[in-house]
Amino acid sequence: MNSENLNTILAQYIHDFAELSLSQTSGEGSLWQAIDTFGAEWDIEASDFPAMFARAMQGAADQLDTPAVQPVAGLKLLMMRDSEVELVRECFRWLYNDEDDDLKKRRGRAEMFADQITGRFRRCFPRMNKYTMTPAHAVYFLNLWMPEENFFYIPAEAKAWADFMEYPAEFGNGASLDLAAYYAMCEDLVTALADYPDLIAQHKERLRTHLGGINDRLHLLAYDILHAAYQRGYYPKGFSRNATAKERAKAVKEKQTRAELCLQIAEKEQELQELQAAPVALPDLTGCRIVHKMFGAGTVLPGEGQFMVIDFNGTQKKFSYTASLSSGYLTAEDDSVMQQMQDYQNYGKACDALQKELKNLKDELVKL
């Protein structure tokens, strides 16, 4: 998980926390409404199962049902046929069976639940495709029943979080739903939340106020963060709910470019640090014999910073250490002295080149 990106999202979530807790509008506060209503109304043994289901799913319908897909409305419609009521009840009884449970079995039960309901509905209402049930919808029902063991799953919200937090995961939806990968990503967030004790305390107070203080093991908080980030536009434009396909592709490409630039910057900074840890000092040429093309042979006097003073038989001249020797106008009679100067020049050029590369890379990063 990209910790810098996580801190960016959590800063915005914490800022909006009070508003999020009080909101009862569809898409935000309805999460708490859905769980509260389900907990108060659900009874698998209800004599009037369709009526009980309608009451228990009031909040869930706000989040799950859209103009294109309506799983809750589909179940209500299916149970308008008396012959289908017990089938639906038994499907939920089987979905909510936690004996000898593990995540793989839970995933299998969700897929079987979706297949059974969808198959039955298509036989009864073959032309009403918008009532199709998916494993993701079944996972939502699982979360209403046992939030401490599950995580709400909305494909678009999960994908946006994975992309922004740099998880190389495709969670899918239907038969391709990778529940284990999604839950692992959410558990990573739960672990990271340990560094935010004040937020955890606020969340527990919210649960006490809205849900009777249930112990959700921070699962509801983790999902609510994903949900708020997507619905409220905490992400950059390319990851938001209203982004076009072109904007999403651009955002993904920019993220990849940004990651590559950050890696290059880190490598160059490491290289520069290693180079500067073993600097090549400017050699002391005092007393060395130097030959100038015009003035002939001379002796180097004590230097003045980056300049050397040479005495040519009583006439003193001042020269730049590096420029004069590299230009060929000055040569040392001792080859080892020339090598020392060459090493010093090479060191300086290498440092300058790395610093220039770093500046250019950082300028590119700022432009993204």
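User: Thanks! Let's start with Glu-90: where is it placed?
Analyst: Glu-90 sits in helix 7, which covers residues 82-95. Keep in mind that this is a predicted model.

User: Is Glu-90 buried, exposed or partly exposed?
Analyst: Glu-90 is partly exposed, because its relative accessibility is 40%. Its side chain also makes a polar contact, at 3.1 Å, with the side chain of Arg-93.

User: New topic: which residues have the most contacts inside the largest nonpolar core?
Analyst: Those are Trp-42, Phe-92, Phe-141, Trp-161 and Tyr-182, in a core of 87 residues. Helix 13 gives the most to this core, with 9 residues. There is also a second, separate core of 13 residues, which includes Val-300, Met-308, Leu-330 and Val-337.

User: What does Phe-92 touch?
Analyst: Leaving out residues up to four places away in sequence, Phe-92 touches Trp-42, Ile-44, Phe-49, Phe-53, Met-57, Leu-75, Phe-113 and Phe-141.

User: Which residues make the contact?
Analyst: From helix 11 they are Tyr-182, Met-185, Cys-186, Glu-187, Leu-189 and Val-190, while helix 13 brings His-219, Ala-222, Tyr-223, Ile-225 and Leu-226. Sorted by class, that contact has 9 nonpolar residues, 1 polar and 1 charged.

User: What about helix 10, how many of its residues are buried?
Analyst: 7 of its 10 residues are buried, so helix 10 (residues 155-164) is largely enclosed by the rest of the structure. Among the buried ones are Trp-161 and Phe-164, along with Glu-157 and Asp-163. Just after helix 10, Glu-166 takes a positive phi of about 65 degrees.

User: Last one: where is Asn-150 found, and what does it touch?
Analyst: Asn-150 is in the loop between helix 9 (135-145) and helix 10. Asn-150 counts as buried because its relative accessible area is 2%. A polar atom of its side chain lies 3.0 Å from the backbone oxygen of Met-146. Not counting residues up to four places away in sequence, Asn-150 touches Arg-106, Leu-142, Asn-143, Tyr-183 and His-219.

Key: Residues numbered from 1 in each chain as written. Predicted model: local features only at pLDDT ≥ 70, side-chain atom pairs only at ≥ 80, totals over all residues. Heavy atoms only, no water. Helix = DSSP H or I, 4+ residues; strand = E, 2+ residues; numbered from the N terminus. Buried < 20%, exposed > 50% of the residue type's maximum accessible area, 1.4 Å probe, protein only. Polar contact = N/O pair within 3.5 Å; in protein donor to acceptor, adjacent residues only side chain to side chain. Contact = heavy atoms within 4.5 Å. Nonpolar A, V, L, I, M, F, W, Y, C, P; charged D, E, K, R; others polar. Core = buried A, V, L, I, M, F, W, Y, C linked by side-chain atoms within 4.5 Å.
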